Amino acid sequence: MASGASLPRTAIEWYMLGGVLVFLTVVVLLATGHTIVEAIAMGLFYGLGLALVLVFLAVGWEAFRGDNTSN
């Protein structure tokens with residue numbers, strides 16, 4: 001990866017994505033019959049885990065696509 005390369009978008013957008021994924025996961029878990037405590041705990045774990053996977057995919061895509069302008 002080129003020096004100075006970073007994720008597309010801003011950091012706050014990635015944090016917001018994590019929050020949205022946690023919220024959606026909690027809503028889905030509540031809709032499928034989980035208790036509120038289970039839904040919050042599992043929603044935090046799986047929502048943030050999914051956000052982390054998406055960040056890794058974005059980093060990999062940027063590294064794969066890469067800019068060759070620094071050469």
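**Exercise 1.** Determine what share of the contacts with a separation of 6 or more comes from residues 24 or more positions apart in this predicted model.

*Solution.* Residues 24 or more positions apart account for 54% of the chain's contacts with a separation of 6 or more. As for burial, 17% of the 71 residues count as buried. The accessible surface of the chain is about 5500 Å², and carbon and sulfur atoms hold 72% of that area.

**Exercise 2.** Classify Thr25 as buried or exposed, and describe its surroundings.

*Solution.* Begin with the position: Thr25 belongs to helix α1, which covers residues 11–31. Next, take its relative accessible area, which is 19%. Buried means under 20%, so Thr25 is buried. Then list the neighbours: leaving aside residues up to four places away in sequence, Thr25 touches Met42, Gly43, Tyr46 and Gly47. Finally, consider the side chain of Thr25, which has a polar atom 2.6 Å from the backbone oxygen of Leu21.

**Exercise 3.** Identify the residues that make the nonpolar surface patch, and state which helix gives the most to it.

*Solution.* The patch is made by Leu30, Ile36, Val37, Ile40, Leu44 and Leu48, and has an area of about 530 Å². Helix α2, residues 36–65, gives the most, with five residues. Take Leu44 as one of the patch residues; Leu44 lies in helix α2. Its relative accessible area is 41%.

Terms used:
Residues numbered from 1 in each chain as written. Predicted model: local features only at pLDDT ≥ 70, side-chain atom pairs only at ≥ 80, totals over all residues. Heavy atoms only, no water. Patch = residues over 30% accessible without salt bridge, like charges linked within 9 Å, V, L, I, M, F, W, Y side chains within 5 Å. Areas by Shrake-Rupley, 256 points an atom, 1.4 Å probe, with all protein chains shown as cover. Salt bridge = Lys/Arg side-chain N within 4 Å of Asp/Glu carboxyl O. Helix = DSSP H or I, 4+ residues; strand = E, 2+ residues; numbered from the N terminus. Buried < 20%, exposed > 50% of the residue type's maximum accessible area, 1.4 Å probe, protein only. Contact = heavy atoms within 4.5 Å. Polar contact = N/O pair within 3.5 Å; in protein donor to acceptor, adjacent residues only side chain to side chain.
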